[in-house]
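Please read these notes with the model open beside them. Each point takes up one part of the fold.

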Amino acid sequence: MAPRIGIVGAGHCRFGNSSDYDLVDVIAYAANEAFVDAGGLALRKEVDQVLVANMAGGLFNRETAVASALVSRMDMEPCPAELVENGPASGASAVKLGYMAIASGMADVVLVAAGEVMRSVTGWEATDIVATMAHKEAEYNMGLTLPGFAGMFTRLYMQKYGLTERDLALVAVKDHDNAAKNIYAHVQIPVTIEAIADGPEASVVNNYVAEPLRMYSTCPITDGSAAVILVNMDSPKARLFKKKPIRIAGIASATDTHCVHNRKDPLVLDAVRLSAEKAYKMAGIGPKDISFAELHDAFVIFELLISEEVGFFERGTSFLAVRNHETDLRGRLPINTSGGLKAKGHPVGATGVSQIFELVRQLRGEAEEGRQVKDPKYGMAVNFGGFGNNVVTTILAKD
Amino acid sequence: MIDFSAYGEQTPHIHGFRCQKCGTIYYPAPMVCGKCDATRDPVTGRGWEEFDLEGRCTLLTWTRVWNLPEGFNKKFLMFGMVSFPNGLKASGRIEMEGDPKIGMALVARTIEADERPGKPVKVFVFELA
C-alpha cells in the first residue's frame, strides 16, 4: 500500500516580469519560500530528491541543466536532482513524479521547484517558442500557434453550443476579479464587462488576437516561480515540518494525439477526461466532492471545456454556469480562485506548481480576505501540456 | 551527364502515408501503424506508400490570427482545419477574401514558405474551390 503523501511547504514569487533576473535565482526564490513556509531553510538538508520543472530555459534564457544549477545555488549538493519537461504541464508532471518517488520508497522528502522567465524575449518570439510544442511538420511549420488553435477551437464551440464573445468576457471579468485580490498574481487589476464587451470602446480595448478570441480571452506572457515540498506523511521525517500536510489524494495524467486535427472530435479533450477519472478514482471521490478548482485557462475557452470534461457541468453548458455566477468566489463551485492563467499569469513551466500552491493556500485557509473559499475539503488542479495532449490532474485534500 | 538546368523546380507536395500491410492512411506519418503495428523506416519508407494530399476538402473550423510569431511580416494570417474525402484531416493557411464559412468547400495545395530562419518548409494553403 502506498504511503500517504502530503505537501508541507509552499512558496511562490509575485508573477510578472523577472526578465532582468537569472532563471535559477527566480526558481530558487520560490524554493526558499517553500522551506521558510515549512519551518526553515535548514530543512533543505532533509530533501532526498529535487525535481525542477521548466519548459524552455534553453530557448528563452539559453540556460540548460537547470536542476543541477538549482541544487548548487541552494547549497543542497549532493542531493539528486533532475529536470522535468512536459511543456506547460511540466509543473504538475514534476509533482506527479515527486509523488511517485515517495510512493516507490526511493525518497521521503521531495522538493519540486518550477519556473520560467519568458519575457527575456519579445512577445512574438515567446509565442513562437511556445508553438514549438506543436507537431513540427503538420502544425508548427504551417505558422500555427497556440492562440491560433484556441481560436479555431472556440469557433467550433460557439457554433455547436451557442457560446458568445460576451460569455468569454464574463470568464475574464471573474478571473481578473480574483487576481486583483491575489498578492501573487501578475495582473492585479479588475476589468468590467462594459470595458471589454459591452461598451463603445470594447473592441479597441479588447482587440482580436485569434478570432473569435480577443486579448482578454488569452493569458499574458508572464515570468515567475513556485515550489512545494512533498513528504511521506508516514515517515518519521514528516514530524520535522511545522505545517500540517495537505494530502495529495489523487494525481494522474493522460495523453492524446499530438496533432489536434487527428482527434475524432476536436472539441473533445480525452486526456483531460481520462486524467480526471483516474485522479477521482485514486482519491475515492467524484466531481460533486470538489470544493474549488484551478483549471488551465491559457485561453478562457479552456476553463469552460475543462470544467465540462472533469464532470462539473454537462457538455456545452459551462458558460451558462458562468452567466449564473456559479463559478465565482461565492458561487457553488469557485473556479480559478487565483485568477487563473488568464490573470494570475502563465509562466509555462511554473504553472502546474503555481496551481497546486493555490490549492494548498485555500485548503489551509491562508488565502487573502475576500478570496478565501469557505471551508474547502477538496481542491482540483488541471494542468495542460501542449494543446490538451498531455494533461495532469491533481486533487488535494484537507484531512 | 545530368543538366540540372533542364529540370524545372519541382512543385512542392505534402504527403499522406498508406500502410501497405493493412491499407490504413495517415497524415502526418506515424512510426507505427495503429491498426496492424507495421513500422515505418523514416529513411527508406519501405512498406509504406506516399501519396499527394491535396485537392478538394471541407473546412471544419478557422481563425484569423493577428499576433503572428517572430518572422511573419503580415498584419494577419487565416488558418483552418479541413477534412479530405479520404477521411484525413489537416491544418494549414487559408487564402481568400472575406470570412470563410464552416462547411465550405475548399481546395488544398502546397507552397514553400520561408518566414522563419532555416530551410523553407512546406505549407498547406486552402483556397476557394
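1. How many aromatic pairs does a search of the whole structure find over all chains? The search finds 14. Rings of Phe, Tyr and Trp (its six-membered ring) pair if their centres lie within 6.5 Å; planes under 30 degrees apart count as stacked, over 60 as edge-to-face and the rest as tilted. A:Tyr157 and A:Tyr161 form a tilted pair, with 4.8 Å centre to centre and 55° between the planes. Both residues lie in helix α6 (residues 146-161) of chain A, four residues apart, which is about one turn of the helix.

2. A word on conventions. This is a predicted model, in which local features need pLDDT of at least 70 and side-chain atom pairs count only at pLDDT 80 or more, while totals for chains, interfaces and linings use all residues. Residues are numbered from 1 along each chain as its sequence is written, chains are lettered from A and ligands numbered from 1 in the order in which they are written, and side-chain values use heavy atoms, with hydrogens and water left out. Helices (H or I, at least four residues) and strands (E, at least two) are DSSP runs, numbered from the N terminus.

3. The sheet of chain A. Nine strands form an open sheet with mixed pairing, in the order β3-β2-β4-β7-β1-β8-β11-β10-β9. Two strands pair if DSSP finds at least two bridges between them. Strand β2 (residues 49-53) of chain A pairs with β3(A) in the parallel sense over four bridges; A:Val50 has A:Ala81 in β3(A) as its bridge partner.

4. A helix on that sheet. Helix α1(A) packs on the sheet and touches β1 (5-12), β2, β4 (109-116) and β7 (224-232) of chain A. Its direction makes about 125° with that of β1(A). Contact means heavy atoms within 4.5 Å. Axes are lines fitted to C-alpha atoms, for helices over the stretch in contact, and angles run from 0 to 180 degrees between N-to-C directions.

5. Helices α1 and α3. Helix α1 (residues 23-38) of chain A also packs with helix α3 (residues 66-73) of chain A, at an angle of about 60° and with axes 10 Å apart. That makes α1(A) oblique to α3(A). Angles under 35 degrees count as roughly parallel, over 145 as roughly antiparallel, 65 to 115 as roughly perpendicular and the rest as oblique. The contact residues include A:Leu23 and A:Ile27 of α1(A), and A:Val66 and A:Leu70 of α3(A). By class, this contact has seven nonpolar, no polar and two charged residues. Ala, Val, Leu, Ile, Met, Phe, Trp, Tyr, Cys and Pro count as nonpolar, Asp, Glu, Lys and Arg as charged, and the others, Gly among them, as polar.

6. Helices α4 and α14. The axes of helix α4 (residues 90-103) of chain A and helix α14 (residues 351-364) of chain A come within 4 Å and cross at roughly 70°. That makes α4(A) roughly perpendicular to α14(A). A:Gly91, A:Ala92 and A:Val95 of α4(A) meet A:Gly352, A:Val353 and A:Ile356 of α14(A). Four of the contact residues are nonpolar, two are polar and none is charged.

7. Chain B. This chain has zero helices and eight strands, and its C-alpha trace spans about 45 × 45 × 30 Å along its principal axes. Three of its strands form an open sheet in the order β2-β1-β3, with antiparallel pairing. Its edge strands are β2 (25-26) and β3 (48-52) of chain B. Two bridges join strand β1 (residues 15-19) of chain B to β2(B), and B:Arg18 has B:Ile25 in β2(B) as its bridge partner.
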